[in-house]
Every structure is written in structure tokens, then in C-alpha cells.
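Here is a short report for a reader new to this structure. Keep the model in view while reading.

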Amino acid sequence: MRKFIFFFCALLAAPPSFFFSHRLDNAPTPEHHQPEAMPGGVAAFDFDGDGWLDLVFANAGGPLTLYRNNRDASFTDCTMASGLKNLKYSMGVATADFDNDGRPDLFLAGLNSSSLWRNLGGGRFAQVEIPLVGGWAIGAGWFDYDRDGDLDLFIVRYVRYDAKDEIFCGAADFSYRTYCHPKFYPAIGNILLRNDGNGHFTDVSVASGIAKHLGKGMAVVFGDADQDGWLDAFVTNDTTSNFLFRNQGDGTFEEIGLAAGVGVNDDGLELSSMGADFRDLDGDGNEDIFVSALANESFPLFRNLGKLQFMDVTYRAGIGGKVLPYSGWATGAFDFDNDGQREILVANGDVHDNTELFSSRKSKQPSILLKRNAKGVFESTEITAPAWHRGAAFGDFGNDGQMEAVITRLGDTPIWWKPVREAKRNWLGVVLMGSKSNSQGLGAMVRIKTQAGQQWNRATTAVGYASASDPRVHFGLGSSTAVEELEVRWPSGKVQLLKDVKTGQYLKVREP
């Protein structure tokens with residue numbers, strides 16, 4: 001099948017390239033309409049089933065782009081052959097195998113309209129009818145909230161917006177315009193679509209309790225905050241309190257963001273929360289939450305203390321003062337140097353494209369990497385040239401155990417960031433294959449034990465801002481040469497234990 005895909009793409013596409021020709025067009029105007037600042041996401045997913053991560057980029061003023069990984073650090077544009085059509089102002093992308101046929105599918109979040117595309121194989125996609133998704137959707141994420149084996153779709157919506165009602169924001173003398181503060185736009189509810197398992201979805205936003213909580217949503221990530229076996233959803237909100245939707249296991253959710261300590265920061269302030277990751281960062285088995293925000297707001301790190309209580313440790317962890325100059329969008333916590341500890345990447349860029357007119361800050365900003373030192377304090381390193389960075393997809397594009405990032409830039413081509421490889425450090429990747437659970441095992445928690453101790457990591461594609469990442473579960477092992485135990489807690493509730501696992505491989509684990 002792959003030979004057919006290559007031939008078909010080759011007929012219709014430009015020659016393979018080591019650089020991406022895709023350009024994120026946000027269609028900027030002198031009027032500075034609010035949606036111009038918000039695109040755009042990127043997804044890393046293996047659309048052709050060859051075991052190598054491919055890419056799809058959302059776009060606003062231009063077409064989306066689908067790239068096939070050529071396995072040699074180059075990509076081929078396969079958009080024309082795919083049947084994918086662009087939405088006006090498509091903001092974000094979310095990928096997962098919603099129909100359990102072994103092929104990852106694609107959801108495109110957009111302004112006023114969004115769409116779901118089934119992967120038909122052969123590099124082709126077809127649109128699937130879903131309940132009407134109106135309003136301004138920024139992004140989405142797939143998770144099995146009811147544990148029936150079918151992935152459900154959580155759609156994040158921003159504000160009620162109509163370009164006809166756009167007001168003037170900017171200089172008092174009208175000499176320049178800026179993008180308006182979110183306070184000028186009404187909040188809106190998010191959407192939860194339940195997958196009925198037959199190609200049909202039901203809107204359960206109201207029945208689940210999700211819809212009644214109005215916010216200004218930017219991103220959604222999933223974790224099990226209380227380790228009860230039911231996935232919870234954390235939603236970042238722009239200048240309103242963040243949501244933590246606790247899954248009550250009966251089809252409904254309780255919103256506990258403020259009560260759990262993740263709704264606002266330690267000062268009680270509602271931040272311009274943007275991207276997020278819901279992942280164990282301190283190695284205690286509890287999943288923590290990291291949030292990117294705007295300049296002078298800091299990027300909150302909420303440590304999970306257990307029993308549905310989180311503590312803001314941003315300054316204690318050394319993050320607070322180091323990130324004040326930056327406005328963060330996409331973010332992800334991965335072990336980029338395979339030392340056994342996760343680093344945090346944040347893609348930065350000011351909301352405004354003319355920040356220099358009214359501030360000492362720069363509108364184009366570098367992306368940064370936050371790495372924990374020997375004292376447990378994070379240090380910040382700039383890793384890219386300044387740009388208006390937005391979305392990011394994280395994954396191992398070379399299948400060599402090295403996690404990387406592809407980062408989008410407004411008005412420019414993407415950046416493929418590759419960290420310096422630490423050759424003497426070991427790693428392990430886990431490819432989950434569900435049977436009773438969904439085919440990709442999304443939502444499963446994987447625990448490993450080595451001579452250095454234990455690590456936990458969850459299978460998810462919902463990471464950062466408006467983007468989707470590698471569904472495989474990656475562990476950096478440092479100098480450890482063997483994995484003594486590997487435990488998988490599947491979404492179905494099954495627990496699987498493997499012993500003496502060889503490192504330096506992508507291990508396929510099938511649910512028993």
C-alpha cells in the first residue's frame with residue numbers, strides 16, 4: 001500500500017523537501033480582527049500506516065498542508081491527493097483513530113465551522129457528518145471519557161465573535177490598532193461529542209455538564225487527576241478561570257478548577273492561559289499541569305499533591321521570573337535529551353504584531369526550553385530565532401528515540417527543532433494496540449521501572465495549543481540499560497505487566 005501512496009503523491013506533488021513549503025497565513029488586516037492572532041495548529045500522525053510520523057498543518061488565509069514522512073529527514077506534500085479541504089480560518093487540529101480501523105483520523109477546528117475527516121487509507125480522507133459545531137473553535141482533543149472503547153471528542157471554543165461587531169482597540173489618537181482584549185467578547189461553552197461507535201456522534205455537552213461552564217477556551221489536555229481510572233479534562237481559559245472537569249464516571253463532569261487550585265495562580269489572578277500539558281513532571285506518579293500564558297504573567301506549574309489538590313510551585317521551581325518576558329502558546333513536556341527527566345518546551349510570540357509601538361517588548365520572540373537542574377530548579381534556554389510562534393507538534397520523526405518539535409510561525413514556514421542528540425543515553429518507546437480499549441490505547445498510563453527508579457507517562461495526542469502530537473509513549477532512560485518492569489493500565493481497566501524489556505526500541509504492546 002505504501003508504494004501506491006508514494007506513487008500517487010509523487011504524481012501530484014512537488015519533489016521531496018528537507019524544508020516545509022507550508023506557510024501559516026493568518027490573513028492580517030489593518031483592522032486587526034481578533035482571529036488573525038490565533039492560528040494555527042499542526043499535528044504529527046502516521047496517516048499512511050508505515051510507522052513514521054507524518055504532518056498536517058492547519059491554516060487560515062491559505063490551504064492546509066499534508067506531508068508524508070519520507071524516512072530520510074525529508075517530507076513530500078500529499079495535500080492534493082488527500083481530498084482534504086481547508087476551512088476558512090481553520091485554527092487547530094486533533095488526530096486519533098475514532099473508528100478503530102487502525103488509521104488515524106483528523107478533526108479540524110475553525111472559526112464558525114469545524115469538520116471531521118475519516119482516513120480511508122491510500123492517502124485519502126473523506127468528511128464525516130457530525131453534530132453541528134458552530135462558534136469559534138480553537139482546538140480539540142480525543143479521549144474515551146465513558147470507557148466504552150470509542151474515542152470521544154472534546155472541542156474547545158473561545159468567545160462569541162462576529163467581525164461585524166468588531167470594535168476599535170489601539171492608540172487613543174487612533175494612530176494604530178491592536179487586537180482587542182478578551183473582555184470585549186462574551187464567553188462561550190465547550191462541546192463534548194460522544195462517539196456512539198457506528199460512525200455516529202451525539203452532542204452530550206449539556207447532559208455531561210460541560211456546556212454550562214462558560215469560558216474563553218484555548219486548549220484542552222487530559223489526565224487522571226485523582227487516579228480513579230476515569231480521565232479528567234483540563235481547559236485553559238483566556239483571562240477567565242481555568243476549568244478542571246472531573247470525570248464522575250457516570251457520563252457527567254464536575255468543574256473543580258478553583259477548588260483544586262488550578263483555576264487561578266497563587267495570587268488569585270485569572271491569567272491569559274494558552275497552551276498546557278497534563279503530565280507527571282516530578283516523578284511521583286501524579287500528573288501535574290503546566291500552563292503557558294502572556295508576558296508578565298508567568299507560566300504556572302501546578303504540582304499534583306493527590307486527592308484533587310494542586311499547588312502552584314511556579315516560582316519555587318524557578319520558572320516564574322525566567323519566563324516573564326515571553327508570551328507562550330504551544331507547550332509540551334517531553335524528555336528531549338533522554339536523561340530520565342522531562343523538559344518543557346514553550347513556543348513564544350506576542351499576541352500583537354506591533355508590540356513595539358506601545359511596549360518595550362518585542363512582538364517576535366524565541367521559543368524556550370525549560371530544563372530542571374540538579375537542584376530541582378528549571379533553567380531557561382532560548383532555542384529558536386524570534387518569531388510569532390503558535391502551534392507545535394511533538395514526536396520522534398526519525399524513529400531513533402529522539403523527541404523533536406515542529407513549530408508553526410505566523411506569516412512564515414514552520415521550524416523543525418531537533419535537540420542535540422545524547423548518544424550514550426538510552427530510551428524506550430511504547431506503541432499501544434488496544435482491543436477492548438481504543439485501537440491506539442489513548443488514555444493508557446504506562447509505568448516503567450529501571451535501576452534509576454520509576455517513571456510514568458500517558459498515551460495522548462492532546463498536547464499544547466491547537467495541535468496534536470505523537471501517540472506513542474516515550475521514555476528517556478539515561479544510563480539505565482534495562483527496563484525491569486513495564487506496566488500498562490489500559491482505559492478498559494485492564495492492567496498488563498511485562499518484565500525485562502529491551503531498550504532502544506519501539507515496543508508494540510497489545511491489550512490482552
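## A buried alanine

Alanine 405 is buried, with a relative accessible area of 0%. This is a value from a predicted model. Alanine 405 belongs to strand E26, which covers residues 404-409.

What does alanine 405 touch, not counting residues up to four places away in sequence? The list is Leu345, Ala393, Phe394, Ile415, Trp416 and Trp417. Leucine 345 is 60 residues from alanine 405 along the chain. Their C-alpha atoms are separated by 8.7 Å.

## A buried phenylalanine

Phenylalanine 278 sits in strand E17, residues 276-279. Is phenylalanine 278 buried or exposed? Its relative accessibility is 3%, so it counts as buried.

Neighbours within four places in sequence are again left aside for the contacts of phenylalanine 278. The residues in contact with phenylalanine 278 are then Val221, Phe222, Gly223, Ala225, Phe234, Leu244, Glu287, Asp288 and Ile289. Arginine 472 lies 194 residues from phenylalanine 278 along the chain. The C-alpha atoms of these two residues are separated by 16 Å.

## The largest pocket

Rolling a probe the size of a water molecule over the atoms shows where empty space is left. The largest pocket has a volume of about 650 Å³. It is lined by 25 residues, and the closest to its centre are Asp46, Gly102, Val431, Leu432 and Gln440.

Three strands each supply at least two residues of this lining: E5 (90-96), E28 (426-433) and E34 (506-510). How does the lining of the largest pocket divide by class? It has ten nonpolar, eight polar and seven charged residues.

## The second largest pocket

The second largest pocket has a volume of about 460 Å³. Its lining has 24 residues, and Asp224, Gly229, Met445, Arg458 and Arg489 are the closest to its centre.

Strands E29 (445-450), E30 (453-458) and E32 (483-489) each give at least two residues to the lining of the second largest pocket. Which strand supplies the largest share of this lining? It is E29, with three residues. By class, the lining of the second largest pocket has eight nonpolar, six polar and ten charged residues.

## A sheet of four strands

Four strands form an open sheet in the order E9-E10-E11-E12. The pairing is antiparallel. Strands E9 (137-143) and E12 (201-203) stand at the edges. Each has a single partner strand, so one side of each is left without a neighbour in the sheet. From one strand to the next, the twist averages 25 degrees.

How many bridges pair E9 with E10? There are six, in the antiparallel sense, and E10 covers residues 152-157. Tryptophan 142 has leucine 153 in E10 as its bridge partner.

## A hairpin with two faces

Strand E19 (residues 301-306) and E20 run antiparallel, joined by four bridges. Glycine 306 has glutamine 309 in E20 as its bridge partner. The hairpin of E19 and E20 has two residues between the strands. In this hairpin, lysine 307 takes a positive phi near 55 degrees.

Side chains alternate along E20, which covers residues 309-312. Phe310 and Asp312 point to one face and are buried.

Most residues other than glycine have a negative phi, and most peptide bonds are trans. Where is there a cis peptide bond? The bond from proline 39 to glycine 40 is cis, with omega near 0 degrees. Glycine 40 lies in the loop between helix H1 (2-12) and strand E1 (42-45).

Glutamine 227 is not a glycine, and its phi is positive, near 55 degrees. It lies in the loop between strands E13 (217-223) and E14 (232-237). Glutamine 227 has a relative accessible area of 49%, so it is partly exposed. Asparagine 338 also is not a glycine, and has a positive phi of about 55 degrees. Its loop runs between strands E21 (328-334) and E22 (343-348). Asparagine 338 counts as buried because its relative accessibility is 2%, under the 20% cut-off.

Note on methods
Residues numbered from 1 in each chain as written. Predicted model: local features only at pLDDT ≥ 70, side-chain atom pairs only at ≥ 80, totals over all residues. Heavy atoms only, no water. Buried < 20%, exposed > 50% of the residue type's maximum accessible area, 1.4 Å probe, protein only. Contact = heavy atoms within 4.5 Å. 1 Å grid on protein atoms, 1.4 Å probe; cavity = no way out; pocket = protein on both sides within 12 Å on 5 of 7 lines; lining within 4 Å. Points joined across faces, edges and corners; volume = space filled by probe spheres on them. Nonpolar A, V, L, I, M, F, W, Y, C, P; charged D, E, K, R; others polar. Pairing = 2+ DSSP bridges. Axes fitted to C-alpha atoms, helices over the stretch in contact; angles between N-to-C directions.
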